[in-house]
Amino acid sequence: MNAYPGPALVTLATALLLFACAAYVGRCRIKFGIQAPATSGHPQFEIAYRIQMNTLENTVAFLPVLWVCAFYLSSLWATVLGGAWLLGRVWYALAYARDPKTRGKGFLVSMLAFGALALGGAWGVLRGLLA
């Protein structure tokens, strides 16, 4: 696995992002007195919860395409596009926390990076099958 330090770093950073999102939900639970297992209450808590869930949902799809792209196309391109996805998700989360109406650009960056990873990975797999 020493040939894949970039995608591994992106994976670790993604895990850190997930942890940060969960911590934000926890802080909002305490600040606004939202007892588990409730998932609604104060609007800022609901925003924090949606940031966490949306990020988790996207991560489930992102990690496989990151690694397929790294294995079958290019570790470098997987790292670059994975980093773009990660930056887009951070942008999305920060914008959503400030004002939900402004989350679109971060979402777009992450979705474009995801699409490029998926297409790159698919191309690499198909190229390998046809070789």
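**Helix 3 and its surroundings**

Helix 2 (residues 43-72) and helix 3 pack with their axes 10 Å apart, at an angle of about 175 degrees. Since angles over 145 degrees count as roughly antiparallel, that makes helix 2 roughly antiparallel to helix 3. Keep in mind that this is a predicted model, where local features need pLDDT of at least 70, side-chain atom pairs count only at pLDDT 80 or more, and totals for chains, interfaces and linings use all residues. Residues are numbered from 1 along each chain as its sequence is written, and side-chain values use heavy atoms, with hydrogens and water left out.

**Helix 2 against helix 3**
- Helices here are DSSP runs (H or I, at least four residues), numbered from the N terminus.
- On the helix 2 side, the contact (heavy atoms within 4.5 Å) includes Ile47, Ile51, Phe62 and Leu66.
- Helix 3 brings in Trp85, Arg89, Tyr92 and Tyr96, among others.

**The nonpolar patch**
- Leu73, Leu76, Trp77, Val80 and Trp123 make a nonpolar surface patch of about 550 Å².
- Patch residues have over 30% relative accessible area and no salt bridge, and nonpolar side chains are joined within 5 Å; a salt bridge is a side-chain nitrogen of Lys or Arg within 4 Å of a carboxyl oxygen of Asp or Glu.
- Helix 3 (residues 75-98) gives the most to this patch, with 3 residues.

- Leucine 76 sits in helix 3 and counts as exposed (over 50% relative accessible area, 1.4 Å probe, protein chains only) because its relative accessibility is 59%.
- Leucine 94 also lies in helix 3, and is exposed at 52%.
- The C-alpha atoms of leucine 94 and isoleucine 51 are 9.0 Å apart, though 43 residues separate the two along the chain.

Notes:
Patch = residues over 30% accessible without salt bridge, like charges linked within 9 Å, V, L, I, M, F, W, Y side chains within 5 Å. Areas by Shrake-Rupley, 256 points an atom, 1.4 Å probe, with all protein chains shown as cover. Helix = DSSP H or I, 4+ residues; strand = E, 2+ residues; numbered from the N terminus. Buried < 20%, exposed > 50% of the residue type's maximum accessible area, 1.4 Å probe, protein only. Axes fitted to C-alpha atoms, helices over the stretch in contact; angles between N-to-C directions. Parallel < 35°, antiparallel > 145°, perpendicular 65-115°, else oblique.
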